[in-house]
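Please look over the sequence and the structure shown here before reading on. The report after them is meant for a reader new to this structure.

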Amino acid sequence: MAGARSLTRDHNRIVVQALADISLYIDHGERVGLVGHNGAGKTTLLRVLAGVYEPSAGRIAVDGKVSTLLDASLGLNPEATGYENILLRGLYMGLHPREIRTLAPAIADFTELGDFLHMPVRTYSAGMMIRLGFAVATATKPEILLMDEWLLAGDAQFLDKARQRIDTFVSQSQILVLASHSLEVIRKWCRKVVWLEGGRVILAGNAEPVLSRYVQSSR
């Protein structure tokens, strides 16, 4: 089953319906994985939960502080330096400037970017942006963690260093919603799974039964 977004024409406009008829309740302490083929709506759903996108219908209620690992460049100003972006992204996360300045040395040390932190972010490689974005996003204890699989594209050396921090970060969150194509990652971190296709929920429930059905459908 291939994931596809719904396309309709409305007065010479093309309307893309990325999500439809989704009703979910995620309780305290739950670890939820989102699976589905490309275009299924996983990342879009995460962005709606994060408040990046506003739903055109229905409503969403979030109780708790949201931390996101959705996009390495989210909240970064390409013309500002790495140090300046630590402040900017911290503000984007809702941190007080004093708190950000206190955290900045540890964030800078974790990135291992050294003098590059004095340079504009537009000069960074994708891997360097991941280091900076990840270090800021994981600098504080989350209540609700929304995570896309972009981090898995980071360089191997950084991932080895970050793995323990990721595990700690995830274990401290009250709610985790993780989108990934890696069933190994979903099985490791998630107790429940939502299977999306074409922007709709195909199946939701305990991880292994849903994953088994999802794997069978892909054969």
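The sections below take up helices, a strand residue, salt bridges and a surface patch.

## Basis of the model

This is a predicted model, in which local features need pLDDT of at least 70 and side-chain atom pairs count only at pLDDT 80 or more, while totals for chains, interfaces and linings use all residues. Residues are numbered from 1 along each chain as its sequence is written, and side-chain values use heavy atoms, with hydrogens and water left out.

## Helix H3

Helix H3 covers residues 97–111, which is 15 residues. Helices (H or I, at least four residues) and strands (E, at least two) are DSSP runs, numbered from the N terminus. From its first C-alpha to its last, H3 reaches 20 Å, close to the 21 Å expected at 1.5 Å a residue; the expected span is 1.5 Å times one less than the number of residues.

At Ala104, H3 bends by about 45 degrees, the bend being the angle between axes fitted to the seven residues ending there and the seven starting there. A proline, Pro105, follows within four residues. The buried residues of H3 are Ile100, Ala104, Ile107, Ala108, Phe110 and Thr111. Here buried means under 20% relative accessible area, exposed over 50%, and partly exposed in between (1.4 Å probe, protein chains only). Just after H3, Glu112 has a positive phi of about 60 degrees.

## Asn85 in helix H2

Asn85 is placed in helix H2, which spans residues 82–92. Asn85 counts as buried because its relative accessibility is 0%. Leaving aside neighbours within four places in sequence, Asn85 is in contact (heavy atoms within 4.5 Å) with Gly75, Leu76, Asn77, Ala80, Gly90, Val121 and Leu132.

## Ala204 in strand E8

Strand E8 (residues 200–206) contains Ala204. The relative accessible area of Ala204 is 45%, so this residue is partly exposed. Not counting residues up to four places away in sequence, Ala204 touches Val193, Val194 and Val210. Lys192 is twelve residues from Ala204 along the chain, and their C-alpha atoms are separated by 7.5 Å.

## Salt bridges

How many salt bridges are there? The count comes to five, where a salt bridge is a side-chain nitrogen of Lys or Arg within 4 Å of a carboxyl oxygen of Asp or Glu. One of them joins Asp21 and Arg200 (2.4 Å, N to O). Asp21 lies in the loop between strand E2 (13–17) and strand E3 (31–35) and Arg200 in strand E8, so the pair ties together parts that are 179 residues apart in sequence. Asp21 is exposed at 68% relative accessibility, and Arg200 is partly exposed at 38%.

Glu30 and Lys192 form another salt bridge (3.0 Å, N to O). Glu30 is in the loop between E2 and E3 and Lys192 in strand E7 (residues 192–197), so this pair links parts of the chain 162 residues apart. Glu30 counts as buried at 16% relative accessibility, and Lys192 as partly exposed at 34%.

Glu79 forms a salt bridge with Arg122, with the closest N and O atoms 3.0 Å apart. Glu79 sits in the loop between strand E4 (66–69) and H2, and Arg122 in the loop between H3 and helix H4 (126–137), 43 residues apart. Glu79 and Arg122 are both exposed.

## A nonpolar patch

Val52, Tyr53 and Tyr92 make a nonpolar surface patch of about 280 Å². Patches are made of residues with over 30% relative accessible area and no salt bridge, with like charges joined within 9 Å and nonpolar side chains (Val, Leu, Ile, Met, Phe, Trp, Tyr) within 5 Å. Accessible areas come from the Shrake-Rupley method with a 1.4 Å probe, and for residues only the protein chains shown count as cover. Tyr92 is found in helix H2 and counts as partly exposed, at 47% relative accessibility.
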